[in-house]
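Thanks for coming, everyone. I'll take one structure and walk through it piece by piece. Have a look at it first.

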Amino acid sequence: MRRMASESRRSQMLRGVLDLCLLAVVVDEPAYGYEMTRRLRERGLSTVGEGSIYPLLGRLEREGLVATHREASDGGPPRKYYSASPSGRRALAEGVRAWRDVRGEVDSVLATIEAEVA
Amino acid sequence: MPDLLAEEMATELDSDLAEAQADGVSATEILGESDPRRFAANWAGERGLVSEPRPPKRRRRIWLWIVVALFLVLFATWLALQAVGSGSATSGPSVEVTPPRRVSVPNVIGMKACRAVRTVAHSGVDDWRVIGHQHGYTCDLVVVGQSPAGHVIRRDGQPVIVRLRLGRS
């Protein structure tokens, strides 16, 4: 029960910043969907929980924060590659600043609390 | 959902899931959902293909406000109609709600009959009678007696009726 609540909280917290994480992994080099998942894993974000990246990629594309193009793949159909657009880069910079502010403020409040694991 | 977008989604997922399977990663980990319907709904919502459903509570609350507003409008209309109705009733010329509590009975003794009757009729008394002349009277008669006598009297719930006795001067 407690574990489910914990996962739900993690999922909710992640939902607010997952778009920034996706932009971060394609800001330097374009990637297709699964490759983005792989890059997230490599940087330590193993599961995205309820917030699958695919719906989010759709929103980022709709809002013009990512540009897409197709590239031929080895033996399969062409793959859809995503890269951060200029407005996506601006959104990423603003989002990272906001995240650091929030993280700092929340840390200030929670710093004195010792986590107790039963 | 447009076919092109559906095809695009299917192709993208197909390729990614095949690659994930080769890496030993489960589909659930990639999709983040174990329920395909929920995944499709999320995907379509983020793409702007469907509007996100409003929470039912909020919808119920909107209906509640509509009902309350309708009730207030009806109540205000009823109040306005009541006010107009009562206004027209009080402004009508023929309705005398309560007669004056005091009435001045004129002293008409010695006055010619016709003039005396006119004077009494316009004085505000409730009624008048000519005593002893059931078949009519002539204007040359004079008032030789009246009841009540000429003075200001207070109504006590009874009509004020003036009786005149005529005679020859």
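This is a predicted model: local features need pLDDT of at least 70, side-chain atom pairs count only at pLDDT 80 or more; totals for chains, interfaces and linings use all residues.

Let's start in chain B. Strand β2 of chain B, residues 127–131, pairs with β5(B) in the parallel sense, over five bridges.

Which residues of β5(B) are on the covered face, and which on the uncovered one? Strand β5 spans residues 161–167 of chain B. B:V162, B:L164 and B:L166 make up the covered face. B:I161, B:R163, B:R165 and B:G167 make up the uncovered one.

Step back to chain B as a whole. It has five helices and five strands. Along the sequence the pattern reads α-α-α-α-β-α-β-β-β-β. Chain B has 169 residues, and 14% of them count as buried. Take the contacts in chain B with a separation of 6 or more: 65% of them come from residues 24 or more positions apart.

One residue in chain B deserves a stop: B:L31. It lies in helix α2 of chain B, residues 27–31. Is B:L31 buried or exposed? It has 24 C-beta neighbours inside 10 Å, so it counts as buried. Leave out residues up to four places away in sequence, and B:L31 touches A:S52, A:Y54 and B:F39. Its C-alpha atom is 8.8 Å from that of B:L17, which sits 14 residues away along the chain.

Two of those names carry the A label, which brings us to the interface. There, 20 residues of chain A are in contact with 19 residues of chain B. On the chain A side, α3 (33–42), α4 and β2 (79–84) each supply at least two residues. The largest share, six residues, comes from α4(A). By class, the chain A side divides into six nonpolar, nine polar and five charged residues.

Now α4(A) from another angle. Helix α2 of chain A, residues 18–26, packs with α4 of chain A, residues 53–62. Their axes are 10 Å apart, at an angle of about 80°. The two helices are therefore roughly perpendicular to each other. Helix α2(A) contributes A:L18, A:D19 and A:L22 to the contact, and α4(A) contributes A:I53, A:L56, A:L57 and A:L60. That makes six nonpolar residues, no polar ones and one charged.

How many of the nine residues of α2(A) are buried? Seven are, so α2(A) is largely enclosed by the rest of the structure. Among them are A:C21, A:L23, A:V25 and A:V26. A:D19 is buried as well.

Last stop, α3(A). Its buried residues include A:G33, A:Y34, A:M36 and A:T37. Seen down the helix axis, the buried residues of α3(A) fall within an arc of 155°, so they line one face of the helix. The general point: an α-helix has 3.6 residues a turn, so residues three or four places apart point the same way. After α3(A) comes A:G44, with a positive phi near 110°.

That's the tour. Over to you.

Methods: Residues are numbered from 1 along each chain as its sequence is written. Chains are lettered from A and ligands numbered from 1 in the order in which they are written. Axes are lines fitted to C-alpha atoms, for helices over the stretch in contact, and angles run from 0 to 180 degrees between N-to-C directions. Helices (H or I, at least four residues) and strands (E, at least two) are DSSP runs, numbered from the N terminus. Angles under 35 degrees count as roughly parallel, over 145 as roughly antiparallel, 65 to 115 as roughly perpendicular and the rest as oblique. Two residues are in contact if their C-beta atoms, placed from the backbone, lie within 7 Å. Ala, Val, Leu, Ile, Met, Phe, Trp, Tyr, Cys and Pro count as nonpolar, Asp, Glu, Lys and Arg as charged, and the others, Gly among them, as polar. A residue is buried if 20 or more other C-beta atoms lie within 10 Å of its own, exposed if 12 or fewer, and partly exposed in between; C-beta atoms are placed from the backbone. The arc is that of the directions from the helix axis to the C-beta atoms. Two strands pair if DSSP finds at least two bridges between them.
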